[in-house]
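Hi,

Here is the structure I promised to pass on. Have a look at it first, and then read on for my notes.

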Amino acid sequence: QLQLVESGGGLAQPGESLTLSCTASGTLGDYAIVWFRQGPGKEREQISCITSGGDSLFANSVKGRFAVSRNNAKSTVYLQMSSLRPEDTAVYYCKSADFVSRLGGKLTCSVDEEAAVWGRGTQVTVSS
């Protein structure tokens, strides 16, 4: 897997915005990048993916509020989060996808979560 480092987390009030960064140690190349999050007492959740061609997907929990983009020249993927809610409080992680598929036009990005080495991620706390 590509070596990636997350940054940009912090404290936000409900309704505010934050942008997270996911920076590669080398080049992003053709890797699709997947964003996960794990809230307190919750299971890890895949929330977004962006392919090398810019196709993206979002979990229902963040659709319409989060956007994802990539700057290959900077080897960085961004997760733009708006209209933040307390339930968005979580540690956010990014990983390179192990497998990308499009079945029936539906994009799927897969990460072997058991095999992946999970770093510290970046903490996002949404609270008034």
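Predicted model: local features only at pLDDT ≥ 70, side-chain atom pairs only at ≥ 80, totals over all residues.

With which side chain does the side chain of R65 make a polar contact? It is the side chain of D88, at 2.8 Å.

You'll find R65 in the loop that runs between β6 (56–58) and β7 (66–71). R65 is buried despite sitting in a loop: its relative accessible area is 8%, and the cut-off for buried is under 20%. Leaving aside residues up to four places away in sequence, R65 touches Q80, M81, S82, S83, L84, R85 and D88.

Now the sheets. One of them is an open sheet of 4 strands, in the order β1-β3-β8-β7, with antiparallel pairing. The edges are taken by β1 (4–7) and β7; each has a single partner strand, so one side of each has no neighbour in the sheet. From one strand to the next, the twist averages 15°. Within this sheet, β3 (residues 18–24) and β8 (residues 76–81) run antiparallel and are joined by 6 bridges. If you want a pair to click on, S21 has Y78 as its bridge partner in β8.

There is also an open sheet of 6 strands, where the order is β2-β12-β9-β4-β5-β6 and the pairing is mixed. Here β2 (10–12) and β6 are at the edges, and because each has a single partner strand, one side of each is left without a neighbour in the sheet. The twist in this sheet averages 25° from one strand to the next. Have a look at β4 (residues 33–38) and β5 (residues 45–50) too: they pair in the antiparallel sense over 5 bridges, and the bridge partner of W35 in β5 is S48.

Next, the cysteines. How many disulfides are there? The count comes to 2.

The link is right-handed, with 90° about the S-S bond. C22 is in strand β3 and C94 in strand β9 (residues 90–96), so this pair ties together parts that lie 72 residues apart in sequence. Both ends are tucked away: C22 is buried, at a relative accessible area of 0%, and C94 counts as buried at 1%.

The other disulfide is between C49 and C109, whose sulfur atoms are 1.9 Å apart. This link is left-handed, with -75° about the S-S bond. Since C49 lies in strand β5 and C109 in strand β11 (residues 106–110), the pair ties together parts 60 residues apart in sequence. C49 and C109 are both buried.

Number the bonded cysteines in sequence order and the pairing reads 1-3, 2-4.

Cheers

Conventions: Residues numbered from 1 in each chain as written. Heavy atoms only, no water. Helix = DSSP H or I, 4+ residues; strand = E, 2+ residues; numbered from the N terminus. Buried < 20%, exposed > 50% of the residue type's maximum accessible area, 1.4 Å probe, protein only. Contact = heavy atoms within 4.5 Å. Polar contact = N/O pair within 3.5 Å; in protein donor to acceptor, adjacent residues only side chain to side chain. Pairing = 2+ DSSP bridges. Axes fitted to C-alpha atoms, helices over the stretch in contact; angles between N-to-C directions. Disulfide = S-S within 2.5 Å.
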